[in-house]
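Thanks for passing this one along. Here are my notes, arranged as numbered points so that you can follow them with the model open.

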Amino acid sequence: MKIDTIGVQAFIAIAESGSFQTAAESLFLSQAGITRRLQNLEDYLGVKLIERTTRSVALTKVGEEFLPHAKRLLSELASSLTEIRDTGRLKRGSVTIACVPTVGVRFLPRIIQAYSALYPDNHIKILDHTSAGVSSAVLQREAEFGITIADSHHAELNSVPLLQDEFALVCRDDHPLSRHEALQWKDLEPYPLISIGQLSGNRPLLDRALEEQDVVIQSLYEVQRVSTALGLVAEGVGAAVLPRLALQSDAYPRIRVLRLTGPVIARGLVLISRKTAEFSPAAEALYQMVRRHQHSD
(Lines give C-alpha, C1' and ligand atoms only; values in the text may rest on other atoms or scores of the structure.)
Protein backbone atom coordinates (compact mmCIF):
# COMPACT_ATOMS: atom_id res chain seq x y z
CA MET A 1 0.00 0.00 0.00
CA LYS A 2 1.27 3.44 -0.95
CA ILE A 3 0.77 5.90 1.89
CA ASP A 4 0.21 9.49 0.67
CA THR A 5 1.99 11.30 3.51
CA ILE A 6 2.03 14.56 1.55
CA GLY A 7 -1.74 14.46 1.20
CA VAL A 8 -2.13 13.58 4.88
CA GLN A 9 0.01 16.57 5.81
CA ALA A 10 -2.18 18.84 3.67
CA PHE A 11 -5.38 17.43 5.18
CA ILE A 12 -4.19 18.03 8.76
CA ALA A 13 -3.10 21.60 7.95
CA ILE A 14 -6.50 22.43 6.42
CA ALA A 15 -8.42 20.76 9.25
CA GLU A 16 -6.47 22.58 11.97
CA SER A 17 -6.50 26.02 10.35
CA GLY A 18 -9.99 25.89 8.85
CA SER A 19 -8.60 27.63 5.80
CA PHE A 20 -7.01 26.47 2.54
CA GLN A 21 -5.12 29.76 2.31
CA THR A 22 -3.66 29.55 5.84
CA ALA A 23 -2.84 25.85 5.39
CA ALA A 24 -1.10 26.55 2.09
CA GLU A 25 1.01 29.30 3.66
CA SER A 26 2.02 27.06 6.58
CA LEU A 27 3.27 24.43 4.12
CA PHE A 28 4.80 27.01 1.71
CA LEU A 29 2.43 25.98 -1.06
CA SER A 30 -0.03 27.72 -3.33
CA GLN A 31 -3.76 27.24 -2.77
CA ALA A 32 -3.91 25.25 -5.98
CA GLY A 33 -1.07 23.05 -4.75
CA ILE A 34 -2.64 22.21 -1.39
CA THR A 35 -6.04 21.65 -3.04
CA ARG A 36 -4.45 19.20 -5.46
CA ARG A 37 -2.77 17.30 -2.59
CA LEU A 38 -6.03 16.98 -0.69
CA GLN A 39 -7.87 15.82 -3.83
CA ASN A 40 -5.23 13.19 -4.51
CA LEU A 41 -5.63 11.84 -0.96
CA GLU A 42 -9.43 11.79 -1.21
CA ASP A 43 -9.28 10.06 -4.60
CA TYR A 44 -6.91 7.47 -3.16
CA LEU A 45 -9.13 6.83 -0.13
CA GLY A 46 -12.35 6.98 -2.14
CA VAL A 47 -14.04 9.27 0.40
CA LYS A 48 -14.53 12.98 1.02
CA LEU A 49 -12.63 14.31 4.03
CA ILE A 50 -13.45 18.03 3.82
CA GLU A 51 -16.56 19.96 2.76
CA ARG A 52 -15.71 23.30 1.25
CA THR A 53 -18.11 26.14 0.53
CA THR A 54 -17.49 29.71 -0.48
CA ARG A 55 -17.64 30.73 3.17
CA SER A 56 -16.38 27.84 5.27
CA VAL A 57 -14.35 24.64 5.51
CA ALA A 58 -15.68 21.70 7.54
CA LEU A 59 -14.68 18.12 8.10
CA THR A 60 -16.99 15.36 6.94
CA LYS A 61 -17.89 12.62 9.39
CA VAL A 62 -15.17 10.43 7.89
CA GLY A 63 -12.74 13.36 8.07
CA GLU A 64 -13.46 13.85 11.78
CA GLU A 65 -12.79 10.17 12.45
CA PHE A 66 -9.66 10.17 10.31
CA LEU A 67 -8.03 13.32 11.78
CA PRO A 68 -6.63 11.78 15.03
CA HIS A 69 -5.32 8.79 13.08
CA ALA A 70 -3.68 11.10 10.55
CA LYS A 71 -1.98 13.11 13.31
CA ARG A 72 -0.71 9.94 14.96
CA LEU A 73 0.58 8.64 11.62
CA LEU A 74 2.68 11.74 10.98
CA SER A 75 3.86 11.90 14.60
CA GLU A 76 5.08 8.29 14.51
CA LEU A 77 6.73 8.86 11.14
CA ALA A 78 8.54 11.96 12.47
CA SER A 79 9.68 10.05 15.56
CA SER A 80 10.99 7.17 13.44
CA LEU A 81 12.87 9.51 11.12
CA THR A 82 14.39 11.34 14.09
CA GLU A 83 15.46 8.05 15.64
CA ILE A 84 17.13 6.92 12.42
CA ARG A 85 18.86 10.29 12.01
CA ASP A 86 20.14 10.15 15.59
CA THR A 87 21.33 6.58 15.02
CA GLY A 88 23.68 7.89 12.38
CA ARG A 89 24.57 11.23 13.94
CA LEU A 90 25.04 9.95 17.48
CA LYS A 91 26.18 6.44 16.42
CA ARG A 92 23.51 4.81 18.54
CA GLY A 93 22.61 1.14 18.30
CA SER A 94 23.75 -2.40 18.92
CA VAL A 95 26.98 -4.04 17.75
CA THR A 96 27.82 -7.73 17.44
CA ILE A 97 31.46 -8.68 16.98
CA ALA A 98 33.30 -12.02 17.00
CA CYS A 99 36.76 -12.74 18.38
CA VAL A 100 39.02 -15.53 19.51
CA PRO A 101 38.67 -15.91 23.30
CA THR A 102 42.15 -14.66 24.21
CA VAL A 103 41.42 -11.30 22.56
CA GLY A 104 38.67 -10.81 25.13
CA VAL A 105 41.11 -11.20 28.04
CA ARG A 106 43.42 -8.19 27.59
CA PHE A 107 43.17 -6.55 24.17
CA LEU A 108 39.44 -5.95 23.83
CA PRO A 109 38.37 -4.86 27.36
CA ARG A 110 40.13 -1.49 27.33
CA ILE A 111 38.69 -0.72 23.89
CA ILE A 112 35.20 -1.62 25.07
CA GLN A 113 35.65 0.62 28.11
CA ALA A 114 36.66 3.57 25.93
CA TYR A 115 33.79 2.90 23.52
CA SER A 116 31.24 2.64 26.32
CA ALA A 117 32.42 5.95 27.75
CA LEU A 118 31.61 7.62 24.42
CA TYR A 119 28.43 5.68 23.65
CA PRO A 120 27.00 4.54 27.02
CA ASP A 121 23.62 3.51 25.59
CA ASN A 122 25.00 1.17 22.93
CA HIS A 123 24.69 -2.59 23.41
CA ILE A 124 27.70 -4.76 22.52
CA LYS A 125 27.47 -8.51 21.92
CA ILE A 126 30.73 -10.46 21.75
CA LEU A 127 30.84 -13.92 20.16
CA ASP A 128 33.96 -15.72 21.35
CA HIS A 129 34.79 -18.47 18.86
CA THR A 130 37.68 -20.43 17.46
CA SER A 131 39.56 -18.72 14.64
CA ALA A 132 37.45 -20.54 12.04
CA GLY A 133 34.30 -19.72 13.98
CA VAL A 134 35.12 -16.00 13.91
CA SER A 135 35.45 -16.04 10.12
CA SER A 136 32.21 -18.00 9.79
CA ALA A 137 30.32 -15.59 12.06
CA VAL A 138 31.42 -12.62 9.96
CA LEU A 139 30.64 -14.34 6.66
CA GLN A 140 27.20 -15.40 7.90
CA ARG A 141 26.47 -11.83 9.09
CA GLU A 142 26.15 -13.01 12.69
CA ALA A 143 28.85 -10.43 13.51
CA GLU A 144 29.64 -7.16 11.75
CA PHE A 145 33.37 -7.74 12.09
CA GLY A 146 35.80 -9.98 13.93
CA ILE A 147 39.26 -10.29 15.46
CA THR A 148 41.02 -13.55 14.73
CA ILE A 149 44.35 -15.27 14.06
CA ALA A 150 46.05 -14.28 10.82
CA ASP A 151 45.84 -17.03 8.23
CA SER A 152 44.45 -17.51 4.76
CA HIS A 153 40.91 -16.13 4.86
CA HIS A 154 37.84 -16.40 2.67
CA ALA A 155 37.93 -14.39 -0.55
CA GLU A 156 34.92 -12.35 0.61
CA LEU A 157 36.74 -11.08 3.71
CA ASN A 158 38.94 -8.04 4.22
CA SER A 159 41.82 -8.47 6.66
CA VAL A 160 43.64 -5.67 8.52
CA PRO A 161 46.72 -6.55 10.65
CA LEU A 162 46.34 -5.57 14.31
CA LEU A 163 49.27 -6.85 16.36
CA GLN A 164 51.75 -9.66 16.99
CA ASP A 165 51.16 -11.80 20.07
CA GLU A 166 54.19 -13.80 21.25
CA PHE A 167 53.98 -17.31 22.65
CA ALA A 168 55.47 -17.78 26.10
CA LEU A 169 55.97 -20.58 28.59
CA VAL A 170 53.51 -20.42 31.46
CA CYS A 171 54.35 -22.38 34.58
CA ARG A 172 53.83 -22.26 38.34
CA ASP A 173 56.54 -20.84 40.59
CA ASP A 174 57.50 -24.35 41.79
CA HIS A 175 58.08 -25.74 38.28
CA PRO A 176 61.73 -26.68 37.49
CA LEU A 177 61.87 -24.05 34.70
CA SER A 178 60.39 -21.23 36.77
CA ARG A 179 63.78 -19.89 37.94
CA HIS A 180 64.69 -18.80 34.38
CA GLU A 181 63.88 -15.40 32.92
CA ALA A 182 63.86 -16.67 29.34
CA LEU A 183 64.20 -20.01 27.59
CA GLN A 184 65.06 -21.54 24.25
CA TRP A 185 62.42 -23.77 22.67
CA LYS A 186 64.88 -26.66 22.90
CA ASP A 187 64.87 -26.23 26.69
CA LEU A 188 61.27 -27.46 26.76
CA GLU A 189 61.89 -30.84 25.16
CA PRO A 190 62.54 -32.79 28.41
CA TYR A 191 59.34 -31.56 30.08
CA PRO A 192 55.77 -32.79 29.48
CA LEU A 193 53.46 -29.91 28.62
CA ILE A 194 49.78 -29.04 28.50
CA SER A 195 48.92 -28.39 24.87
CA ILE A 196 45.98 -26.78 23.07
CA GLY A 197 44.04 -29.11 20.74
CA GLN A 198 43.77 -28.94 16.98
CA LEU A 199 40.47 -27.04 17.10
CA SER A 200 42.39 -23.96 18.21
CA GLY A 201 44.02 -21.78 15.56
CA ASN A 202 47.10 -21.59 17.81
CA ARG A 203 47.96 -25.28 17.47
CA PRO A 204 48.72 -25.53 13.72
CA LEU A 205 50.65 -22.26 13.87
CA LEU A 206 52.88 -23.60 16.67
CA ASP A 207 53.27 -27.01 15.07
CA ARG A 208 54.51 -25.50 11.80
CA ALA A 209 56.94 -23.16 13.56
CA LEU A 210 58.42 -25.88 15.77
CA GLU A 211 58.74 -28.31 12.89
CA GLU A 212 60.78 -25.71 11.01
CA GLN A 213 63.06 -25.39 14.05
CA ASP A 214 63.29 -29.18 14.51
CA VAL A 215 61.90 -28.89 18.04
CA VAL A 216 59.79 -31.71 19.47
CA ILE A 217 57.85 -30.99 22.65
CA GLN A 218 56.00 -33.53 24.74
CA SER A 219 52.25 -33.17 25.04
CA LEU A 220 51.00 -35.06 28.08
CA TYR A 221 47.69 -33.21 28.43
CA GLU A 222 45.52 -31.73 25.69
CA VAL A 223 42.74 -29.17 26.18
CA GLN A 224 40.65 -27.12 23.79
CA ARG A 225 40.62 -23.79 25.61
CA VAL A 226 43.46 -21.58 26.80
CA SER A 227 41.48 -20.86 29.97
CA THR A 228 41.48 -24.60 30.78
CA ALA A 229 45.24 -24.79 30.25
CA LEU A 230 45.74 -21.84 32.60
CA GLY A 231 43.66 -23.51 35.28
CA LEU A 232 45.74 -26.69 35.06
CA VAL A 233 48.97 -24.71 35.22
CA ALA A 234 47.74 -22.81 38.28
CA GLU A 235 47.04 -26.08 40.06
CA GLY A 236 50.57 -27.36 39.33
CA VAL A 237 49.56 -30.03 36.79
CA GLY A 238 52.20 -28.86 34.31
CA ALA A 239 53.46 -26.03 32.13
CA ALA A 240 51.95 -24.76 28.89
CA VAL A 241 52.93 -22.70 25.85
CA LEU A 242 50.32 -19.96 25.47
CA PRO A 243 49.91 -16.58 23.77
CA ARG A 244 50.72 -13.66 26.07
CA LEU A 245 47.34 -12.01 25.50
CA ALA A 246 45.74 -14.95 27.27
CA LEU A 247 47.42 -14.02 30.53
CA GLN A 248 45.48 -11.63 32.71
CA SER A 249 47.61 -9.65 35.11
CA ASP A 250 47.47 -10.91 38.70
CA ALA A 251 44.74 -13.46 37.93
CA TYR A 252 46.99 -16.30 39.13
CA PRO A 253 49.59 -15.01 41.63
CA ARG A 254 51.77 -18.13 41.46
CA ILE A 255 52.02 -18.29 37.67
CA ARG A 256 55.23 -17.20 35.97
CA VAL A 257 55.48 -16.16 32.31
CA LEU A 258 58.82 -16.91 30.63
CA ARG A 259 59.87 -15.51 27.28
CA LEU A 260 60.65 -18.10 24.61
CA THR A 261 63.38 -17.34 22.06
CA GLY A 262 65.42 -19.10 19.45
CA PRO A 263 63.28 -18.07 17.66
CA VAL A 264 60.52 -15.83 18.99
CA ILE A 265 57.26 -17.29 17.69
CA ALA A 266 54.23 -15.05 17.52
CA ARG A 267 50.76 -15.23 16.07
CA GLY A 268 49.36 -12.36 14.09
CA LEU A 269 45.94 -11.04 15.01
CA VAL A 270 43.83 -9.43 12.32
CA LEU A 271 40.60 -7.46 12.05
CA ILE A 272 38.27 -9.04 9.49
CA SER A 273 35.07 -7.86 7.83
CA ARG A 274 33.07 -8.68 4.73
CA LYS A 275 34.31 -6.81 1.65
CA THR A 276 30.76 -5.69 0.86
CA ALA A 277 29.87 -4.83 4.47
CA GLU A 278 28.07 -1.58 5.26
CA PHE A 279 28.61 -1.08 8.98
CA SER A 280 25.92 0.41 11.15
CA PRO A 281 27.05 3.76 12.62
CA ALA A 282 27.53 2.10 16.03
CA ALA A 283 29.65 -0.68 14.55
CA GLU A 284 31.68 1.73 12.42
CA ALA A 285 32.65 3.69 15.54
CA LEU A 286 33.83 0.52 17.32
CA TYR A 287 35.63 -0.79 14.22
CA GLN A 288 37.63 2.41 13.87
CA MET A 289 38.44 2.37 17.58
CA VAL A 290 39.84 -1.16 17.26
CA ARG A 291 41.92 -0.09 14.25
CA ARG A 292 43.44 2.74 16.26
CA HIS A 293 44.85 0.09 18.64
CA GLN A 294 46.93 -1.53 15.89
CA HIS A 295 50.32 -2.83 17.07
CA SER A 296 49.50 -2.31 20.77
CA ASP A 297 49.16 -5.21 23.18
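Predicted model: local features only at pLDDT ≥ 70, side-chain atom pairs only at ≥ 80, totals over all residues.

1. Next, the aromatic pairs, of which the structure holds five. One of them joins Phe 145 and Tyr 287 in an edge-to-face arrangement, with 5.3 Å centre to centre and 80° between the planes. This pair links distant parts of the chain, since Phe 145 belongs to strand β5 (residues 145-149) and Tyr 287 to helix α9 (residues 281-291), 142 residues apart. Both Phe 145 and Tyr 287 are buried.

2. Tyr 287 also pairs with Phe 279. Here the ring centres are 4.8 Å apart and the planes meet at 45°, so the pair of Phe 279 and Tyr 287 counts as tilted. Phe 279 is buried, as is Tyr 287. Taken together, ring pairs link Phe 145, Phe 279 and Tyr 287 into a cluster.

3. Helix α6 (residues 131-139) deserves a look too. How many of its nine residues are buried? Seven are, so the helix is mostly covered, a residue being called buried when its relative accessible area is under 20%. The buried set is Ser 131, Gly 133, Val 134, Ser 135, Ala 137, Val 138 and Leu 139. Against what do the buried residues of α6 pack? Their partners are the strands β3 (94-99), β4 (123-128), β5, β6 (157-172) and β12 (266-274). Just after α6, Arg 141 adopts a positive phi of about 65°.

4. Now for a loop residue. Ile 217 is found between α7 (202-212) and β9 (218-223), and its relative accessible area of 29% makes Ile 217 partly exposed. Leaving aside neighbours within four places in sequence, Ile 217 is in contact with Leu 188, Leu 193 and Leu 210. Ile 217 and Asp 207 are ten residues apart in sequence, and their C-alpha atoms are 9.7 Å apart in space.

5. Finally, the surface. Tyr 44, Leu 45, Val 47 and Val 62 form a nonpolar patch there, with about 310 Å² of accessible area together. Val 62 lies in helix α4 (residues 61-89). Is Val 62 buried, exposed or in between? With a relative accessible area of 38%, Val 62 is partly exposed; patch members need over 30%, so Val 62 passes that cut-off.

Key: Residues numbered from 1 in each chain as written. Heavy atoms only, no water. Patch = residues over 30% accessible without salt bridge, like charges linked within 9 Å, V, L, I, M, F, W, Y side chains within 5 Å. Areas by Shrake-Rupley, 256 points an atom, 1.4 Å probe, with all protein chains shown as cover. Salt bridge = Lys/Arg side-chain N within 4 Å of Asp/Glu carboxyl O. Helix = DSSP H or I, 4+ residues; strand = E, 2+ residues; numbered from the N terminus. Buried < 20%, exposed > 50% of the residue type's maximum accessible area, 1.4 Å probe, protein only. Phe/Tyr/Trp six-rings, centres within 6.5 Å; stacked < 30°, edge-to-face > 60°. Contact = heavy atoms within 4.5 Å.
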